[in-house]
Amino acid sequence: MRHGKYRFLIGALAPPLLLYGVFVVSPYAQAFYLALTDWDGLSAEAGLVGLQNFADLWSDPLFLAALRNNGLMLVVVPTATIALALFFAACLTLGGGMRRRGRGVHGSGLYRIVYFFPQLLSVAILGVLFQFVYTPGNGLLNGLLGAVGLDGLQRSWLADPATALPAVTAVMVWSAVGFYVVLFTAAMESVPTDVVEAATLDGAGRFTVFRRITLPLVWDSVQVAYVYLGILALDGFALVQIMSVGPGGPDNATEVIGLTLYRAAFTYGEFGYASAMGVTLFFITLTLTALAMRATKRERVELA
Amino acid sequence: MAGAAAVLSGCVTAGGDDPAEQATGAVTDDNPLGVPEGADLEVVMFDGGYGQEYTRHAVTLYEERHPDATVTHEGLQKVGEVLQPRFVSGEPPDVVDNSGAGRLDIAALAAAGQLTDLADLLDAPSLDDPAVTVGDLLLPGVVEDGTLDGTVSFLNYSYVVWGIWYSRSLFDQHGWTLPATWDDMLALCEEIKGAGIAPWTWQGKYPEYMMDPLQSLAAKAGGLDLVYAIDNLAPDAWRQEGVLAAADAIHRLVAGGHILEGSEGLSHTEAQNAWCSGQAAFIPCGSWIEGEQQGVTPEGFDMAMAAVPALTAADALPDGAVQGASSESFLVPAQALNPRGGLDYLRCLFSGEVARGFAESAKAMPVVKGATDGLDLTSGLASVAAALETAGDNVFGYKYRTWYPELAVEVDTATGELLAGRADPEQWADRIQAAADAVAADDSIAKYER
Amino acid sequence: MKPRLLKPRLTDGALHLVLAVWAVLVTLPLAWAVLSSLKTDAEIFASPWSLPASPQWDNWARAWQEANIGKYLLNTLIVVGGALALVMLLGALTAYCLARYDFPGNRLVYYLLVAGMLFPVFLALVPLFFVVDQLGLLGTYHGLILVYAAYALPFTVFFLHAFFRSLPAATAEAAFIDGCSHTGVFFRVMLPMARPGMVSVGIFNFLGLWNQYLLPLVLNPDPDRYVLAQGLAALAVSQGYRSDFSGLFAGLIIAILPVLLAYLLFQRQIRSGLTAGAVR
């Protein structure tokens with residue numbers, strides 16, 4: 001009965017692949033080619049320079065600073081976001097004790113609605129908003145610290161090399177946590193209550209239940225979250241461009257690859273060089289994703 | 001995937017379509033630039049601090065002169081991203097105001113042969129008086145500013161002067177007088193602090209605002225030779241005595257605690273508002289600040305600009321010398337469909353009528369001679385005009401920022417560190433010198449000389 | 001069981017405290033932005049906490065006029081709606097074929113698609129402009145829709161691929177035996193079963209496309225067709241030249257409101273849809 005398989009496959013795959021090939025693959029393929037040239041982004045000709053652009057990258061202090069900062073964000077953003085989200089999700093679902101039987105703490109629905117808010121803000125809005133949160137004199141954060149008597153902690157958050165990158169990273173985490181709380185909560189709620197009950201009757205504490213039963217079951221969601229957040233952390237361009245001193249400062253403390261690339265392409269007219277950065281970023285991302293997928297691969301727990 | 005392959009063959013560097021026919025019309029007294037009859041015109045403007053009133057005004061004049069033409073006028077904030085692909089594909093508009101943070105690298109545009117030579121425009125009779133050419137109407141230095149490799153590639157519209165801004169009423173109230181030298185400035189700072197006001201604030205997120213007084217002090221101390229050495233990437237140019245002394249002078253503001261706390265984290269509008277609300281006495285800025293602040297300047301504030309004081313009494317340049325330059329760059333793309341119309345549009349723009357309107361609506365100095373004569377100038381603009389008058393021929397300017405944007409980024413980063421107190425003048429100079437040397441050694445960067 | 005009943009009450013108090021702290025952290029900046037949008041510039045600079053002497057509703061009016069929020073909202077809905085429908089259909093088809101059929105080149109196509117997630121978009125901008133321009137799609141709704149859909153395709157396929165894999169094979173087998181065609185099986189059997197996953201990825205895509213900024217910046221130069229992100233950026237940039245903080249805050253709030261209202265109205269469906277797909 002399965003005749004016509006290839007006719008179906010061709011019919012089904014041709015339109016999406018055509019779309020993808022025309023609008024995504026072909027521009028990127030051109031970018032790969034441009035990475036080997038000295039194209040200035042404005043003239044009709046470009047000279048081939050081989051791998052010179054890639055060689056230059058490793059002596060470019062801005063690019064190296066950007067690589068370091070993106071690397072830090074890549075570690076911190078997914079880890080912090082997922083840890084916070086798992087923690088809050090666990091609070092929401094495992095609280096309430098036996099009486100509420102896995103329906104979570106009172107008002108957990110309200111928390112979930114509120115936590116999702118930041119996800120509704122576009123990056124442009126986030127940047128502008130948090131620029132004011134961090135502003136030295138009359139900003140929200142310093143005002144808050146002053147109000148609770150922590151004047152000693154007040155500082156120019158975005159102008160101090162020690163706090164600028166953490167400040168930007170915090171915005172990313174702040175905006176992403178809620179989404180994953182909602183995601184993980186639902187995953188945890190799908191854990192059958194009788195399994196949890198049985199475990200509890202066996203004397204397992206909440207933490208043990210979380211570690212031994214809940215976490216393995218939400219591991220798939222965690223994996224998806226890691227990839228998505230990793231891509232987010234490798235970007236950061238819009239936030240840095242709107243919020244940071246310079247932008248990219250102070251003293252390159254918030255330089256990210258996107259910004260270095262953007263500046264090279266649009267300010268310096270070094271489009272070939274910028275393309276080389278993009279290609280490098282592509283291979284770094286590719287490697288990291290492959291590694292992450294391998295590292296987080298676990299046998300899925302079958303409950304059926 | 002066949003479609004993808006077909007598109008790939010039309011690669012970005014394969015060149016645009018064959019250049020479209022660029023029609024020209026008959027040259028007459030009424031049409032000195034030979035604009036073709038009925039040809040449409042597309043004008044793309046940077047929509048920034050000066051607004052769009054003056055460029056629209058010029059559209060009106062153009063439409064009166066060419067009633068058959070359809071003129072489209074568009075204001076953009078990120079000129080670069082939008083226009084770059086159009087330049088490469090050979091479909092640029094007829095006139096561009098290439099300004100603002102997202103502007104295109106104009107030197108690269110010129111090098112790529114993307115710009116029309118504006119010599120014909122300069123030789124054309126002005127709209128105001130057929131006996132005077134457009135070129136004769138421009139303030140000195142404007143044509144030079146727009147010349148790249150011997151070709152007039154663009155013309156700037158606004159004449160910007162940099163200095164130190166203060167509130168006349170605040171100074172009168174406290175009996176403060178403007179300092180003549182930097183030592184006087186430091187003494188005055190102590191006095192201002194005594195009155196419970198921060199002597200200075202600055203636009204810390206964009207360190208180039210503070211680089212302007214610094215490099216003004218340096219130019220005054222070392223004269224034009226110092227300026228040229230820097231622009232020409234001469235060895236140890238940033239370690240010249242005058243440069244180090246100027247950096248030290250600015251650093252003393254930091255060391256003496258004369259800067260409003262937190263300024264290093266303020267955006268330009270935030271810092272300027274702090275200054276306007278009386279939290280600080282001085283702020284460095286170019287002459288556009290009055291227009292930028294017009295909505296929030298308190299009644300009776302009376303803002304005014306003073307020239308940067310002399311570094312010492314032994315300066316190379318006389319008192320009152322100011323850093324000035326033209327900005328807001330207008331160009332006609334070489335591949336435009338109607339380049340003659342583009343030139344004629346600029347002829348309208350550089351007319352006395354439009355220039356006067358610009359001074360009034362944008363509160364800034366146009367580059368057209370005598371445009372502000374007889375106008376009732378606002379307090380800030382009047383002080384700028386007065387400062388220019390005092391300076392006479394002693395107007396100086398640096399070019400490294402336009403010529404070598406890579407260097408400018410490093411200069412700004414180093415200056416930010418200097419002002420935050422994390423680098424001393426020596427470290428500041430070393431860092432910039434290293435960047436300047438790297439640019440000088442990089443063959444892929446086109447070099448200029450003055 | 002007695003002691004266990006007591007213990008949760010105690011710890012629930014601590015849980016609520018922790019949860020409430022985050023809820024405050026999340027809402028505070030938004031509430032503060034709302035407050036600031038009703039103050040005068042002078043009041044904003046005087047203190048971050050003070051209440052406005054009288055609410056400055058004209059800030060909102062000014063921002064509404066200047067930022068053309070109404071028009072941009074409509075443009076955004078057209079483009080995002082169109083792209084969403086397209087990418088969901090094509091993405092589901094692709095993911096289904098790759099997940100359930102064995103054919104030569106399967107892995108290649110899959111990795112080619114997934115690799116698209118890893119590339120910085122602005123690198124493709126200039127070449128992409130030429131592609132779109134040569135097809136005559138520059139500054140058109142359908143051009144933007146096609147491009148949006150193309151760039152959302154990788155994530156959609158990546159997400160749905162895993163989902164289709166996890167669906168039981170038995171139902172499809174039965175349908176084939178009943179004489180269903182390949183197309184029929186997909187549309188009548190598999191797609192309905194994949195509905196939770198579709199809703200999830202649909203929400204991911206909606207948020208991603210809604211916030212798209214770089215693509216329209218270059219491919220959508222006509223101010224009449226601006227999407228919301230472009231309008232907002234224009235507002236923020238012009239603030240830099242004219243110093244109007246209250247107007248900027250008002251613009252931010254106006255731009256947030258429609259999404260916030262939509263979310264509050266449909267939050268139950270959104271959250272259950274989002275999560276039903278993620279939990280396989």
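Reply: Helices are DSSP runs of H or I with at least four residues, strands are DSSP runs of E with at least two, and both are numbered from the N terminus. By that count, chain A has twelve helices and zero strands. Chain B has 19 helices and twelve strands. One strand of chain B is the part to follow here.

First, the ground rules. This is a predicted model, in which local features need pLDDT of at least 70, side-chain atom pairs count only at pLDDT 80 or more, and totals for chains, interfaces and linings use all residues. Residues are numbered from 1 along each chain as its sequence is written, while chains are lettered from A and ligands numbered from 1 in the order in which they are written.

The part is strand 6 of chain B, residues 155-167. Strand 6 is mostly covered: 13 of its 13 residues are buried (20 or more other C-beta atoms, placed from the backbone, within 10 Å of the residue's own; 12 or fewer is exposed, and in between is partly exposed).

Now its partners. Two strands pair if DSSP finds at least two bridges between them. Strand 10 of chain B, residues 322-331, pairs with strand 6 over seven bridges, in the antiparallel sense. In that pairing, B:Asn156 has B:Ser329 as its bridge partner.

Strand 11 of chain B, residues 365-366, is joined to strand 6 by two bridges, and the two run antiparallel.

Next comes strand 8 of chain B, residues 280-286. Four bridges join strand 8 to strand 6, again antiparallel. B:Trp162 stands opposite B:Gly286 of strand 8.

Strand 9 of chain B, residues 303-306, also runs antiparallel to strand 6, with four bridges between them. There B:Ser167 finds its bridge partner in B:Met303.

Step back to the domains, whose bounds come from an automatic or database domain assignment. Chain B is divided into domain 1, which takes 32-152 + 332-372, and domain 2, which takes 162-324 + 396-441. The C-alpha centres of the two domains of chain B lie 32 Å apart. Eight residues from domain 1 and nine from domain 2 make the contact (C-beta atoms, placed from the backbone, within 7 Å). On the domain 1 side, five of these residues are nonpolar, one is polar and two are charged.

Then chain B as a whole. Its radius of gyration is 23 Å, close to the 22 Å that the globule rule gives for 450 residues, so chain B is as compact as a globular protein of that length (C-alpha atoms; the rule is 2.2 Å times the number of residues to the power 0.38). Along the principal axes, the C-alpha atoms of chain B fill a box of roughly 70 × 55 × 40 Å. Of its 450 residues, 56% count as buried. Of the contacts in chain B between residues at least 6 apart in sequence, 75% join residues at least 24 apart.

How confident is the predictor? Chain B averages a pLDDT of 90, and 95% of its residues score at least 70 (confidence in each residue, from 0 to 100). Residues 1-10 of chain B stay under 50. For that stretch the model has 17 contacts beyond four places in sequence.

Chain B also touches chain C. There, 20 residues of chain C are in contact with 22 residues of chain B. Helix 6 of chain C gives the most to the chain C side, with seven residues. That side divides into 13 nonpolar, three polar and four charged residues.

Chain C meets chain A too. In this case 74 residues of chain C are in contact with 71 of chain A. Helix 1 of chain C, residues 2-37, gives the most to the chain C side, with 16 residues. By class, the chain C side has 58 nonpolar, twelve polar and four charged residues.

Last, chain A. Its C-alpha trace spans about 75 × 75 × 30 Å along its principal axes. Buried residues make up 56% of its 304 residues.

Conventions
pLDDT is the predictor's confidence in each residue, from 0 to 100. Two residues are in contact if their C-beta atoms, placed from the backbone, lie within 7 Å. Ala, Val, Leu, Ile, Met, Phe, Trp, Tyr, Cys and Pro count as nonpolar, Asp, Glu, Lys and Arg as charged, and the others, Gly among them, as polar.
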